[in-house]
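The model is shown first.

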Amino acid sequence: MKSAGEYILYSGGANGAEAAFGELAEQYGCQEVNFSFDGHQMSRNRGARFLTSEELALKDISMTYVSRLMNRKYSSAPLFRKVLQSICWQVASGHEVFVVGSILPDNTVKGGTGWGAEYAKICNKPLYVFDQDKKGWFAWDEDHWNHVGVPVIGHVHFTGTGTRFLEDSGRAAIAELFTRTFGLARTGRMRIGRSAPEGADRPFASGRDQTAKPRSVARGRASGREGPSCHRAFWMGQGS
C-alpha cells in the first residue's frame, strides 16, 4: 500500500469544503496543489499554484453552454469564468473526484460546485458526491446516482472540492474519507478548521488530464476525445 505522502490532493483552497480537504491532506501527510489565479482569494496557501492567463485560456469555456448544460444561469463576468476555468484544472489533474454539496433533482450539483461535478462526468472521472441534505455519499454511474457507503481514495492523484457552506455532516464525511483511506491521523496537532501554515510544501501540477478516454455524456450532452480535448471540444464555438 502506498504511503499518504505519495498522494496529491488537487483543490482550490477556498473556504468550506476545499479548505477542509486541504487541512486533512496536510494532517495525514499528503501533498497538496491548490489552483488559483491573481485576484482570487484563497483560504489556504499550502501548495498554491497560480495559473497564468495562458493556462486559464487552455480551459476556456462557453458560459452559454455551461448554463444550458447545468440548467441554470451563470454569470458571464470574467472573474467567474476564471473560477470555472480553475475548477477545470482541479478536475483534470485528479484521477478521481470527491465533492461535498447537494444533488439536485436534475442530477446536477447545486451552485458553482456543480460545474466541477459536471466536468468530472464529461471527462469520465470516477465521481463521488457527499450530499449534505441526504447525509450520504453518492457515486455517478453513467446517467444516475447510486447511494454508496463511505468511499476510499483509490488513486494517488485525487481531487477534493465542494461548497463553501460546509456543514458538520460534510466536514465529518471528509474526515471519514481520509480515515477509511489512511487510518487514524498520525498527529493531533492540527485542529480541522485552522489555516495551513505559510510556506508549506508546494508540489507542482502539470494540469494535464490524467485519465482514460472520456465517454460520451448521457442524454446527448457532449462527446469527448482523449487528452486535452476533454476540456476544449465541448464549448469552443458555442457562444460566450
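Between which two elements does the loop with Asn107 lie? Asn107 sits in the loop that runs between β4 (96–101) and α5. The model is predicted, and the values below are computed from it.

**Backbone angles**

Most residues other than glycine have a negative phi. Asn107 is not a glycine, yet its phi is positive, at about 75°. Asn71 also has a positive phi, near 60°. The loop that holds Asn71 lies between α3 and α4.

**Helix pairs**

| Helix pair | Angle | Axis distance |
|---|---|---|
| α1 (residues 17–28) and α6 (residues 168–182) | about 30° | 10 Å |
| α3 (residues 63–70) and α5 | roughly 90° | within 11 Å |

Angles under 35 degrees count as roughly parallel, and α1 and α6, packing at about 30°, are therefore roughly parallel to each other. Their crossing is right-handed. On the α1 side, the contact is made by Ala17, Ala20, Phe21, Glu23, Leu24, Ala25 and Tyr28. Helix α6 contributes Arg171, Ile174, Ala175, Leu177, Phe178, Thr179 and Phe182. By class, this contact of α1 with α6 holds 11 nonpolar residues, one polar residue and two charged residues.

The second pair has another geometry: the axes of α3 and α5 cross at roughly 90°, so α3 is roughly perpendicular to α5. From α3, the residues in contact are Val66, Leu69 and Met70. Those from α5 are Gly114, Trp115, Glu118 and Ile122. The contact of α3 with α5 divides into five nonpolar residues, one polar and one charged.

**The largest pocket**

Helix α5 also takes part in the lining of the largest pocket, where α4 (78–93), α5 (113–122) and β8 (157–162) each supply at least two residues. Which element gives the most to this lining? Helix α4 does, with six residues.

The space in the largest pocket comes to about 540 Å³. Its lining consists of 27 residues. Those that lie nearest the centre are Gly112, Thr113, Gly162, Thr163 and Arg164. How do the residues of the lining divide by class? There are 15 polar, seven nonpolar and five charged residues.

Definitions and conventions: Residues numbered from 1 in each chain as written. Predicted model: local features only at pLDDT ≥ 70, side-chain atom pairs only at ≥ 80, totals over all residues. Heavy atoms only, no water. 1 Å grid on protein atoms, 1.4 Å probe; cavity = no way out; pocket = protein on both sides within 12 Å on 5 of 7 lines; lining within 4 Å. Points joined across faces, edges and corners; volume = space filled by probe spheres on them. Helix = DSSP H or I, 4+ residues; strand = E, 2+ residues; numbered from the N terminus. Nonpolar A, V, L, I, M, F, W, Y, C, P; charged D, E, K, R; others polar. Axes fitted to C-alpha atoms, helices over the stretch in contact; angles between N-to-C directions. Parallel < 35°, antiparallel > 145°, perpendicular 65-115°, else oblique. Left-handed = near helix turned anticlockwise from the far one by under 90°. Contact = heavy atoms within 4.5 Å.
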